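The exercises below ask you to read a protein model step by step, and each task is followed by its worked solution. Keep the sequence and the structure in view while you work.

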Amino acid sequence: MAFQTHNNQYCDPYENIFSFETGRTGVNSQSGRVYTTCQGYSAIFIALARAQGIPARLVYGHRLAVPSNDWRTEQNIDVRDHWWVEAWVDGRWIFVDPTVGTTNAYNSSTGKWTTTGVTNYTYFDPTEEQIAHSHVYK
């Protein structure tokens, strides 16, 4: 729903938690089940990190449409279409993309979400070389 409406309200983690706790139906929730995209996942991660005293910031750029494309075939490299996080850990900024570890997807044809939860932690503090395979900062 958030992806379909492009409403920035869904990136507010406190609004998402309120919707979840109250069972509210709104721009980003249906009967309390909250749906979001990369900006929402990143905002929630940042809120949780900061609540634990870990500095964190929102970053944007482009994520390669993997596995269907590589950097030679990607069409929209200059488009800013993805958000992720940097968190200050052990004296350095680490890269965290909380979206990539899920397979949640919105089908604009049916208006339905597929939600399967977290599947991996591949994009938690990868090397710069690993990041370069799929992300570009803008």
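**Exercise 1. Find which residues make up the largest nonpolar core, and which elements give two or more residues to it.**

Step 1: The largest nonpolar core consists of seven residues, namely I46, A49, A56, V85, A87, I94 and V96. A nonpolar core is a set of buried Ala, Val, Leu, Ile, Met, Phe, Trp, Tyr and Cys residues joined through side-chain atoms within 4.5 Å, where buried means under 20% relative accessible area, exposed means over 50%, and partly exposed is in between, with a 1.4 Å probe and protein chains only.

Step 2: Two or more residues of this core come from each of α3 (38-51), β4 (82-89) and β5 (92-96); helices (H or I, at least four residues) and strands (E, at least two) are DSSP runs, numbered from the N terminus.

Step 3: Apart from this core lies another one, of six residues, which include V59, F95, V100 and I131. In soluble globular proteins, nonpolar side chains tend to be buried together.

Before going on, note that this is a predicted model, in which local features need pLDDT of at least 70 and side-chain atom pairs count only at pLDDT 80 or more, while totals for chains, interfaces and linings use all residues. Residues are numbered from 1 along each chain as its sequence is written, and side-chain values use heavy atoms, with hydrogens and water left out.

**Exercise 2. Work out the order of the strands in the four-stranded open sheet, and name its edge strands.**

Step 1: The order is β5-β4-β3-β8, and the pairing is antiparallel; two strands pair if DSSP finds at least two bridges between them.

Step 2: β5 and β8 (135-137) are the edge strands, since each of them pairs on one side only.

Step 3: Strand β3 (residues 56-63) is joined to β4 by six bridges, and G61 has H82 in β4 as its bridge partner.

**Exercise 3. Describe how α3 lies relative to the strands, and which of its residues are buried.**

Step 1: The helix α3 lies across β3, β4 and β5, and runs at about 15° to β4. Axes here are lines fitted to C-alpha atoms, for helices over the stretch in contact (heavy atoms within 4.5 Å), and angles run from 0 to 180 degrees between N-to-C directions.

Step 2: Among the buried residues of α3 are Y41, I46 and A49, and just after the helix G53 takes a positive phi of about 80°.
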